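Welcome! Please take a look at the protein shown here, and then walk through the notes below.

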Amino acid sequence: MATIKDVAREAGVSTATVSRVINNADKVGDKTRSKVKSVMKKLGYTPDANARALKTQKSATLGVVIPDIIDPFFASLANGVEEVASNKNMQMLLSTGKLSAESELRAINLLAERRCEAIVFHSKLLSDATLVNLSKKIPGLILIDRYIKEIPEKCVWLDNYEGGKIAARHLLALEHKNIAFINSNYEIDDPKLRFGGFKAVIESADLRILPNLTVNNEPTLKGGELAAQELLAQKECFSSVFAYNDAMAIGAISVFEDNGFRVPSDISIIGFDDVLLSQYSRPKLTTLHYPISEMAIHAAQMAVAYSADEVPPKSELTFRPNLVKRESTTHNNRS
């Protein structure tokens with residue numbers, strides 16, 4: 001089995017240079033980096049993560065904590081982190097928070113016990129104070145989809161309020177006036193912010209969202225089905241729906257269609273997230289693109305930099321959703 005010394009000898013460089021290439025350090029010329037990588041491939045050399053951990057007292061791992069591994073949204077988040085781990089010759093270590101403050105804290109402690117010092121953390125239930133304290137203890141901890149004013153440089157987040165406004169403007173531009181809102185019942189900021197932005201634009205147009213046209217349920221396909229059933233039971237006229245996420249929107253569509261309503265000619269519906277499924281639903285779902293993969297890559301790069309006592313290049317940490325027009329919304333012919 002080839003060693004780092006074998007690679008250095010074959011490439012005509014020092015073992016320190018080979019080490020810099022393995023760790024993607026900046027102080028290596030492109031030509032030398034290319035040569036070393038070529039020799040590594042030729043000799044079949046693979047860096048020993050365990051040996052590196054023993055030497056540095058750090059594990060060559062990039063941690064990520066997400067609520068669950070089933071939701072395609074969080075799968076995209078984890079995939080973005082894994083891409084950075086692969087490029088950095090690190091292993092990704094994944095843990096789940098399960099939408100419980102206790103579980104989120106346990107997940108972080110689990111990573112810390114394994115000397116994981118670069119962590120992308122999707123936390124919704126832990127308090128700001130707890131996260132600020134964790135950030136002080138773990139310099140390479142980066143929060144994703146969460147903004148805390150005390151540590152703004154450690155937060156990569158989406159402007160959910162603006163996303164709600166974009167959805168409202170789209171439906172108003174299609175001359176919808178009786179608009180329903182299907183929201184998540186989770187006690188987190190995102191549902192409140194999306195509804196807040198949406199409501200602000202609707203009210204600025206001298207319209208209002210009727211209380212019985214605002215329903216809450218779990219942010220899943222089943223939750224969307226139940227929410228749609230509740231809307232139909234209200235016997236209140238509405239021509240369009242803004243759903244908290246794509247899963248709820250697609251679940252609602254199935255109920256509307258089963259009850260004789262055509263989407264979008266009878267009811268227009270817009271989702272949020274732009275998960276892969278939204279491109280294959282029938283009709284294809286109009287939605288707000290949530291750049292979670294790009295955000296995850298950015299957060300992971302920041303986590304690695306901070307864990308190495310480096311300061312990441314200055315960049316925008318606030319991301320904006322953008323409208324993706326597909327087939328589930330159309331002009332209101334009943335206005």
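**A first stop: Asn245**

At 6% relative accessibility, Asn245 counts as buried (buried means under 20% relative accessible area, exposed over 50%, and partly exposed in between, with a 1.4 Å probe and protein chains only). This is a predicted model, in which local features need pLDDT of at least 70 and side-chain atom pairs count only at pLDDT 80 or more, while totals for chains, interfaces and linings use all residues. Residues are numbered from 1 along each chain as its sequence is written, and side-chain values use heavy atoms, with hydrogens and water left out.

**More about Asn245**

- Asn245 sits in the loop between β8 (240-243) and α11; helices (H or I, at least four residues) and strands (E, at least two) are DSSP runs, numbered from the N terminus.
- Not counting residues up to four places away in sequence, Asn245 touches Pro219, Gly271, Phe272 and Asp273, where contact means heavy atoms within 4.5 Å.
- Pro219 is 26 residues from Asn245 in sequence, and their C-alpha atoms are 6.8 Å apart in space.

**The whole protein**

- The protein has 335 residues, and 49% of them count as buried.
- Its fold contains 12 helices and 12 strands.
- The C-alpha trace spans about 75 × 40 × 30 Å along its principal axes.
- Of the contacts between residues at least 6 apart in sequence, 67% join residues at least 24 apart.

**Nonpolar cores**

- In soluble globular proteins, nonpolar side chains tend to be buried together.
- Here the largest nonpolar core has 45 residues, and Leu62, Leu77, Val120 and Phe198 have the most contacts inside it; such a core is a set of buried Ala, Val, Leu, Ile, Met, Phe, Trp, Tyr and Cys residues joined through side-chain atoms within 4.5 Å.
- Which helix gives the most to this core? The answer is helix α12 (residues 292-307), with 10 residues.
- Setting aside neighbours within four places in sequence, Val120 is in contact with Gly63, Val64, Val65, Leu77, Val81, Ile142, Ile144, Ala299, Ala300 and Ala303.
- A second, separate core has 24 residues, including Val215, Ala227, Ala249 and Ala252.

**Helix α5 against α12**

- Helix α5 (residues 72-87) packs on α12 at an angle of about 40 degrees, and their axes are 8 Å apart; axes are lines fitted to C-alpha atoms, for helices over the stretch in contact, and angles run from 0 to 180 degrees between N-to-C directions.
- The two helices are therefore oblique to each other (angles under 35 degrees count as roughly parallel, over 145 as roughly antiparallel, 65 to 115 as roughly perpendicular and the rest as oblique).
- Phe73, Ser76, Leu77, Gly80, Val81, Glu83 and Val84 of α5 make the contact with Ile292, Ser293, Ala296, Ile297, Ala300 and Gln301 of α12.

**Helix α10 against α11**

- The axes of α10 (residues 221-233) and α11 (residues 246-258) come within 7 Å and cross at roughly 50 degrees.
- On the α10 side, Leu221, Gly223, Gly224, Glu225, Ala228, Gln229 and Leu232 meet Ala247, Met248, Ile250, Gly251, Ala252, Ser254, Val255 and Phe256 in α11.

**A strand residue: Leu94**

- Leu94 belongs to strand β2 (residues 91-96).
- With a relative accessible area of 33%, Leu94 is partly exposed.
- Leu94 touches Val64, Ile66, Ile69 and Ala78, not counting residues up to four places away in sequence.

- Most residues other than glycine have a negative phi, and most peptide bonds are trans.
- A cis peptide bond joins Val263 and Pro264, with omega about 10 degrees, and Pro264 lies in the loop between α11 and β9 (268-270).
- Another cis peptide bond joins Arg282 and Pro283, with omega about 0 degrees; Pro283 is in the loop between β9 and β10 (287-289).
- Lys98 is not a glycine, yet its phi is positive, near 55 degrees.
- Is Lys98 buried or exposed? Lys98 is exposed, with a relative accessible area of 60%, and its place is in the loop between β2 and α6 (101-113).
- Glu175 also has a positive phi, of about 65 degrees, although it is not a glycine.
- The loop between α8 (160-173) and β6 (179-184) holds Glu175, which counts as partly exposed at 39% relative accessibility.
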